[in-house]
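Welcome! Have a look at the sequence and the model below, and then we will walk through the spaces inside and the places where chains meet.

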Amino acid sequence: MSILDKPWMAERSAIDNAVSGGSLNFPKARVALIFLMAVITVLFMLFSVAYKMRMELADWRALADPSVLWINTGFLILSSVAMQWAVSSARKGKAENVKLGMALGGAFALAFLIGQYMAWLQLRAAGFYAAGNPANAFFYLITAMHGLHMLGGLVAWTRSTARLWRGNDVADVKLGVELCATYWHFLLVVWLGLFAMLIST
Amino acid sequence: MVYVPPQEVEDVHLHDPDTFMTKYIWSQDHKVIAVQYSLTAIAVGLVALVLSLMMRLQLGWPGVFDFIDPESYYQFVTMHGMIMVIYLLTALFLGGFGNYLIPLMLGARDMVFPFLNMLSYWVYLLSVIVLMSSYFVPGGPTGAGWTLYPPQAILQGTPGADWGIVTMLASLALFIVAFTMGGLNYVTTVLQARTRGMTLMRMPLSIWGIFVATILGLLAFPALLVSAVMLLLDKLVGTSFFMPAIVSMGEQLDYSGGSPILFQHLFWFFGHPEVYIVALPAFGLVSDLLSTHARKNIFGYRMMVWAIVAIGGLSFVVWAHHMYVSGMNPYFGFFFATTTLIIAVPTALKVYNWTLTLWRGNIRLNVPMLFAIGFIVTFTNGGLTGLFLGNVIVDIPLSDTYFVVAHFHMVMGVSPIMVVFGSIYHWYPKVTGRMLDDRLGRFHFWVTFLGTYAIYFPMHYLGFIGVPRRYYAYEDFDFIPESAITLNENISIAALVVGAVQLVFLYNLVISYRRGKLAGSNPWEATTLEWQTPQTPPAHGNWGDTLPVVYRWAYDYSVPGAAKDFLPQNQPPSDDAPVQEEDNLGFDSTDPASGGGTREDA
Ligand code: HEM
Ligand SMILES: [Cu+2]
């Protein structure tokens with residue numbers, strides 16, 4: 001199909017009549033996830049643009065990024081790896097490994113979130129309050145936003161994991177596991193971008 | 001006849017409602033959700049209408065109505081603008097018409113995620129409730145103007161600076177969540193759930209408009225969310241994202257260094273696409289009204305599709321034309337003036353195509369058609385003033401005057417409302433099974449159409465003579481002549497009349513629900529699928545046992561050689577219902593002299 005085709009003509013009609021099924025060769029839920037990830041990408045891009053623009057102004061004082069962020073990043077990477085392992089196990093039909101992968105993925109994600117919270121506590125203890133300087137405010141804001149999206153992911157994760165534990169067939173849960181993993185990788189990439197921005201400024 | 005293999009689109013399992021609660025309240029049926037969305041939107045829209053009439057009372061007869069003080073005036077302005085743009089038009093076009101038409105026009109049983117769809121409505125309702133709660137918090141709603149510019153939006157002295165602004169921002173955030181849930185549903189349904197034979201280029205333009213507008217919304221609303229969240233933090237936590245160092249009421253505040261311009265960029269990066277989020281569905285719907293009631297294929301279908309897509313894309317690179325007076329770099333202004341004028345090209349193409357659709361059509365001048373034609377006129381009018389404002393040098397003196405008010409009301413107030421009315425008259429018979437009363441409809445049209453001209457046309461002149469917008473009292477300035485005051489009085493009278501006549505419309509909606517003429521399944525003899533359902537109103541699941549199969553595009557009106565002057569999209573080709581062999585669509589495709597349908601070859 002292209003811009004030059006004339007949908008009213010008999011010639012084209014014969015071709016169009018045979019068309020069936022979705023425009024994209026993905027399950028519906030994956031299509032929605034792709035759009036959701038696009039929306040979230042725009043959201044974080046706008047936060048980053050705002051960050052860069054605000055940074056240029058005179059009162060910006062860079063903050064000392066807590067070193068626990070490196071450990072958190074490690075947790076998030078491990079979490080993604082575990083989810084990916086769950087996916088490949090699901091494809092091979094190994095139910096036990098899927099469970100383990102999902103459990104580990106969730107646990108590491110939680111560890112990441114707790115670590116992020118610790119980073120906040122450290123900053124506060126060091127006197128970096130949100131109202132003190134825009135750099136601080138952005139730090140809290142951006143990590144909170146990313147954390148919220150992680151929490152949203154954990155809701156979906158809970159649903160899939162619960163179904164696994166209730167003994168559903170791996171085949172039934174496979175799509176859920178795959179979508180969780182995709183979202184996890186996506187949030188990892190977003191975090192790496194944000195983290196790079198935060199530590200470099 | 002072309003052989004079509006049996007249905008391959010997978011059928012879906014629907015959640016079947018059985019009680020009153022699951023059928024009408026917690027419904028997951030897209031048609032019920034559409035009605036819920038529409039009624040809620042119309043209800044808040046009425047609030048916004050009343051607010052506008054209050055403003056007109058003050059402007060028409062300054063100081064006469066002492067219950068309108070400056071504070072309440074600014075609250076009227078703000079709530080009116082925000083409700084109309086977001087909670088009425090966006091919600092009605094996408095949540096209302098989008099929900100109703102997408103599955104029906106595409107031959108689907110429902111949206112792909114019915115539960116999410118239901119959630120979307122309830123979160124929307126929550127956002128409306130939070131917004132309305134503004135009236136009950138101490139200090140009342142915010143009076144910051146619908147653009148909510150800091151620093152004034154959160155400074156003492158602006159009405160609602162304590163609570164109203166918080167409920168407003170919270171409500172917007174909720175709305176965005178609701179919209180995103182609905183929007184993911186709409187795009188996925190359009191892409192993945194069309195019935196057999198319904199290719200993208202066979203979709204009615206209504207769907208194209210709604211589809212592209214939804215994508216715009218998904219990508220633009222995050223900018224509003226970002227600005228709302230950051231403004232909320234400035235307000236509640238005392239951060240200085242947007243707030244500069246400032247002395248307010250003789251006191252140095254704790255803010256320092258923030259950038260109000262940053263807010264403006266974020267706001268308009270959302271705000272300009274927003275006007276097309278409202279305009280594109282209107283473009284789509286009106287195309288279908290025109291084609292159906294002119295008994296003629298839409299002129300330049302492919303161009304219409306590409307214009308919608310092009311406008312959608314371009315609408316992301318013109319936002320700073322709202323900021324010409326913000327002190328920006330002149331090269332920046334030059335860039336945005338250029339893109340703004342470029343976007344007028346596809347827009348103008350659409351206007352030509354609508355007009356050419358009418359040309360030599362077999363026009364049935366019924367109520368939907370009247371509104372559709374009213375739209376073309378009004379939109380052209382508003383678009384032309386947009387061209388003036390798009391040029392920096394012209395905009396600077398006109399900025400923040402009534403000229404801008406006239407422009408955007410013509411283009412995004414009256415025009416979309418014309419389409420909303422036209423579409424309600426057009427689709428009401430499908431939703432309820434009964435026709436709206438025709439005579440009341442004509443009366444409603446003429447008073448509304450002429451009345452809105454009486455309201456907004458003189459505002460261009462007010463703008464030229466320099467009357468500023470958002471002034472509560474304007475009568476004691478040397479530069480504003482006496483004539484502005486009498487003119488305003490006239491405008492206010494027209495506004496009261498137009499406001500009152502909407503009651504006729506509401507009465508019509510209510511009375512026709514029980515007493516209207518029975519519509520039958522296809523009263524307008526239209527081609528698109530929603531008119532071909534086995535029951536009217538369509539039952540749960542829309543299509544009975546088998547999904548429809550599509551054999552033609554959406555605009556087979558007056559096809560040469562056909563027995564009838566319309567061929568439904570699901571009508572298989574046959575001798576009586578041919579598909580075009582020769583490409584003779586266009587100026588000659590219908591000959592009104594030969595009566596709807598057949599045509600002697602020229
Ligand atoms: C030919 C196309 C258009 C052009 C060139 C254009 C240009 C402009 C410009 C330059 C302004 C800023 C005026 C100022 O504040 O000084 C403006 C304001 C506005 N335009 Fe348009 N416009 C066009 C179409 C539209 C459409 C289609 C809509 C909506 C459906 C729309 C809605 C608005 C609104 C709501 C405002 C005022 C916002 C505010 O300040 O509160 N415009 N337009
Ligand atoms: Cu604009």
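## Cavities

How many cavities of 30 Å³ or more does a search of the whole structure find? The search finds 3. Here a cavity is a set of points on a 1 Å grid over the protein atoms alone where a 1.4 Å probe fits but cannot get out, and its lining residues have an atom within 4 Å of a point. Grid points are joined across faces, edges and corners, and a volume is the space filled by probe spheres set on the points. The largest cavity holds about 70 Å³ of space.

This is a predicted model, in which local features need pLDDT of at least 70, side-chain atom pairs count only at pLDDT 80 or more, and totals for chains, interfaces and linings use all residues. Residues are numbered from 1 along each chain as its sequence is written, chains are lettered from A and ligands numbered from 1 in the order in which they are written, and side-chain values use heavy atoms, leaving out hydrogens and water.

## Around the largest cavity

Among the residues that line the largest cavity are B:Tyr37, B:Thr90, B:Ser120, B:Phe175 and B:Tyr186. Helix 3 (70–106), helix 4 (114–133) and helix 5 (164–192) of chain B each bring at least two lining residues, and helix 5 of chain B gives the most, with 5 residues. Helices are DSSP runs (H or I, at least four residues), numbered from the N terminus.

By residue type, the lining has 8 nonpolar, 4 polar and no charged residues. In this grouping, Ala, Val, Leu, Ile, Met, Phe, Trp, Tyr, Cys and Pro are nonpolar, Asp, Glu, Lys and Arg are charged, and the others, Gly among them, are polar.

## Where the two chains meet

Chain A puts 43 residues into the contact and chain B 56 residues, with contact meaning heavy atoms within 4.5 Å. About 4,400 Å² is buried between chain A and chain B, and carbon and sulfur atoms give 71% of it; buried area is the accessible area (1.4 Å probe) that two parts lose on being put together, summed over both. On the chain A side, A:Trp8, A:Asn17 and A:Lys28 lose the most area to chain B, together 18% of what that side buries.

Over all chains, the structure has 13 salt bridges, each a side-chain nitrogen of Lys or Arg within 4 Å of a carboxyl oxygen of Asp or Glu. In one of them, the side chains of B:Arg202 and A:Asp16 meet (3.7 Å, N to O). B:Arg202 sits in the loop between helix 5 and helix 6 (205–236) of chain B, and A:Asp16 in helix 1 of chain A, so this pair joins two chains.

Technical notes: On a 1 Å grid over the protein atoms alone, a cavity is a set of points where a 1.4 Å probe fits but cannot get out, and a pocket is an open set with protein on both sides within 12 Å along at least five of seven lines; lining residues have an atom within 4 Å of a point.
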